[in-house]
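Subject: Handing over the two-chain structure

Dear colleague,

Please find below the structure that I promised to pass on to you.

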Amino acid sequence: MHYQHYRTRLIPLNNHHVTATMPTKHLSPEMLNERRRQAVRLRLDGYTVAETARHAELSAPTVSAAWKAFREGGWGAIDVKPRGRRSGQGDVLGDVERRTLCRFLADWPDDGAPGWTSRALANAIQGCSRDLASPSPRTIEHWLKAQDLKPEPLALEALAHQRSHIGRWYRQQVQPVLRQMQRTGGSAWQGGVRVAKPGAVPTASRLRYQFYLHGKRGALLTRCLPASPRADDYLMLFQRMLSQKHGAPIALVFHGAFFEASPEIRQWLVEHPAFHLINVPSH
Amino acid sequence: MTSLTHLQKLEAESIQIMREVVTETENPVMLYSVGKDSAVMLHLARKAFAPAPPPFPLLHVDTRWKFRAMYEFRDKMAKEMGMDLLVHINPEGIEKDINPFTHGSAIHTDVMKTEGLKQALDKHGFDAAFGGARRDEEKSRAKERVFSFRTAQHRWDPKNQRPELWRLYNTRKHKRESIRVFPLSNWTELDIWQYIYLQDIPIVPLYYAAERPVVERDGALIMVDDERMPLEPGEVPMMRKVRFRTLGCYPLTGAIESEADTLPAIIQEMLLTKTSERQGRVIDHDSAASMEKKKQEGYF
């Protein structure tokens, strides 16, 4: 066996010929990570990239990459990223699950909540039938996103310093109500109604019209409808929000409906002074 | 020698038509519907006779059901242009309170637009009326000549039209006959938008996409422009980002969902569209060939 003397240690070197590309696809991520760690150890011992590559049976660029990752992030950064999709990212909803999901989305949740969270939907599907695969909340969120049913909340606080009409609206109409909610222990919500526009992804149902609410930390609650919501639908949403908070004050910044044209909703708001509805102006 | 662009050619042709009408007729008028085509036509008229104002008044045949933004724009433009603006509303229509909801789109259009126009032309004795119709809007407009002759009863005979070879227009007519003149016949919707952009022509803001309260009626998005719009029990209008490709009476004009809130964005949208702007007009779907029938009876 040939030995090379370097600094204080003698390291056995095999006679493998090192090429620029060393196939590692056949290695499991665990085995590859072990070789990368070995390569870093050799580099720490003072071996050159070429020597390390030869010894660890890796290509020179891989050795350099592992060494760079170690220098930037320590031992924890050496491992390669997991291959393939992360768990729950794939569209694993089968036709039956999708239909079940749509059926739930078209109705109000049984627990009196003003909308469905992805977790509540996952639980509902799981509880529906043992024959159904139980999708994770994450899978449902990906499906909602693909169906354009996952709107982002309006960045309200960013409006505080805007000099446009919407900035004035925030300062004059929203901020005082939000402060009042903080003082009185009320809750603040954002929400709206919209029409989903699924692009290249074929829509799984006729449920294009969507109620959405964003509560604390932007958690999404939603419910979908096949047609434009009627006054009864809005009132049920508001009533469920009030019931959840046992009559405590609620501020809802709502976008997408023209309530001025609905006498039923105006009347309900007069009768429920604890419910503060603030319409987002058109923009 | 520099060659003209296609818009310059269209502009020159329209100006020639306008000058021809002023030369050959006694009492012309320009129909002003407040839309984008009217805006372009008015701009061309001002160019054709600059520095003097155009030697004819503007006539708006009002139905009382146009969008509020159109009325605001009309009054503002009339003030700025310094031109006479005649507004005619069919008094019989006012008396009977003709409206698109209780009487339907066909009767409303017939009484308030067709009859209203005929009354206004007779009342003022106009023998030529400029209109902003284009051939690409609708098939019956496609076959109509630039100089379209009408009988004393304002009827149009599509089978008896004069040839217009080499842009030579025969303007002779019998007593009490009139001519409808279409200087924008050969323009397309895209040409109109490009010209508006290049010439910076003011238009009604409804052409730009914005969030507006709309309800769905037979697949069309109808804007709730005022409290006269009857809503179904429990109906709540939604705020949707829409714009109008064509403007008429608001209960009869469908909006399209769009993000185009600037002229370049509208032009971009036009490049991709495959439908006529008249698709949004409810009156065009009253019956088969309804536009041709209406035109024969005197509709614009």
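Predicted model: local features only at pLDDT ≥ 70, side-chain atom pairs only at ≥ 80, totals over all residues.

**Chain A and one of its helices**

Chain A is built with nine helices and seven strands, and 27% of its 283 residues count as buried. When one looks at contacts in chain A between residues at least 6 apart in sequence, 63% of them join residues that are at least 24 apart.

Which residues of H8(A) are buried? They are A:Ala231, A:Tyr234, A:Leu237, A:Phe238, A:Arg240 and A:Met241. The cover over these buried residues of H8(A) includes strands E3 (187-195), E4 (209-214), E6 (250-255) and E7 (275-279) of chain A, together with helix H9 (263-271) of chain A. Just after H8(A) comes A:His246, which takes a positive phi of about 50 degrees.

**Where the two chains meet**

The contact between the chains takes 18 residues from chain A and 14 residues from chain B. On the side of chain B that touches chain A, the elements giving two or more residues are strand E7 (210-217) and strand E9 (238-243) of chain B. Of these, E7(B) gives the most, with five residues. Sorted by class, that side of chain B has eight nonpolar, five charged and one polar residues.

**The domains of chain B**

The domain assignment of chain B gives domain 1, made of 6-190 + 289-296, and domain 2, which covers 205-285. The centres of these two domains of chain B, taken over C-alpha atoms, are separated by 23 Å. How many residues does domain 1 of chain B have in contact with domain 2 of chain B? There are 21 residues of domain 1 in contact with 21 residues of domain 2. On the domain 1 side, helix H3 (68-81), helix H5 (104-124), helix H7 (189-199) and helix H9 (290-296) of chain B each supply at least two residues, and H3(B) gives the most, with three residues. By class, this side of domain 1 of chain B has nine nonpolar, five polar and seven charged residues.

A separate annotation comes from UniProt, where an unreviewed entry places the feature "domain: Phosphoadenosine phosphosulphate reductase" at residues 27-254 of chain B. In the model, that span is 30% helix and 19% strand, and its end C-alpha atoms lie 35 Å apart.

**The nonpolar cores**

The largest nonpolar core has 100 residues, and the members that touch the most other members are A:Ala257, B:Met30 and B:Val181. Helix H2 of chain B (residues 36-49) contributes the largest share of this core, namely six residues. If one leaves aside its neighbours within four places in sequence, B:Val181 is in contact with B:Ile17, B:Val21, B:Ala128, B:Ala129, B:Phe130, B:Val146 and B:Phe147. There is also a second, separate core of 10 residues, which includes A:Ala39, A:Val40, A:Leu42 and A:Ala56.

**Single residues worth a look in chain B**

As background, most residues other than glycine have a negative phi, and most peptide bonds are trans. B:Val34, although it is not a glycine, has a positive phi of about 75 degrees, and B:Arg176 likewise has a positive phi of about 75 degrees without being a glycine. B:Val34 lies in the loop between strand E1 (28-31) and H2 of chain B, while B:Arg176 is found in the loop between strand E5 (147-150) and strand E6 (178-181) of chain B. Is each of them buried or exposed? B:Val34 is buried, because 26 other C-beta atoms lie within 10 Å, whereas B:Arg176 is exposed, because 12 other C-beta atoms lie within 10 Å.

The peptide bond from B:Ala50 to B:Pro51 is cis, with omega near 10 degrees, and B:Pro51 has its place in the loop between H2 and strand E2 (58-62) of chain B. Another proline, B:Pro202, lies in the loop between H7 and E7 of chain B, and it counts as partly exposed because it has 13 C-beta neighbours inside 10 Å. B:Pro202 and B:Asp97 are 105 residues apart along the chain, and their C-alpha atoms are separated by 33 Å.

With kind regards

Technical notes
Residues numbered from 1 in each chain as written. Chains lettered and ligands numbered in written order. Contact = placed C-beta atoms within 7 Å. Helix = DSSP H or I, 4+ residues; strand = E, 2+ residues; numbered from the N terminus. Nonpolar A, V, L, I, M, F, W, Y, C, P; charged D, E, K, R; others polar. Domains from an automatic or database assignment. Core = buried A, V, L, I, M, F, W, Y, C linked by C-beta atoms within 7 Å. Buried ≥ 20, exposed ≤ 12 C-beta atoms within 10 Å, placed from the backbone. UniProt positions renumbered as here; feature names shortened; annotations may be inferred.
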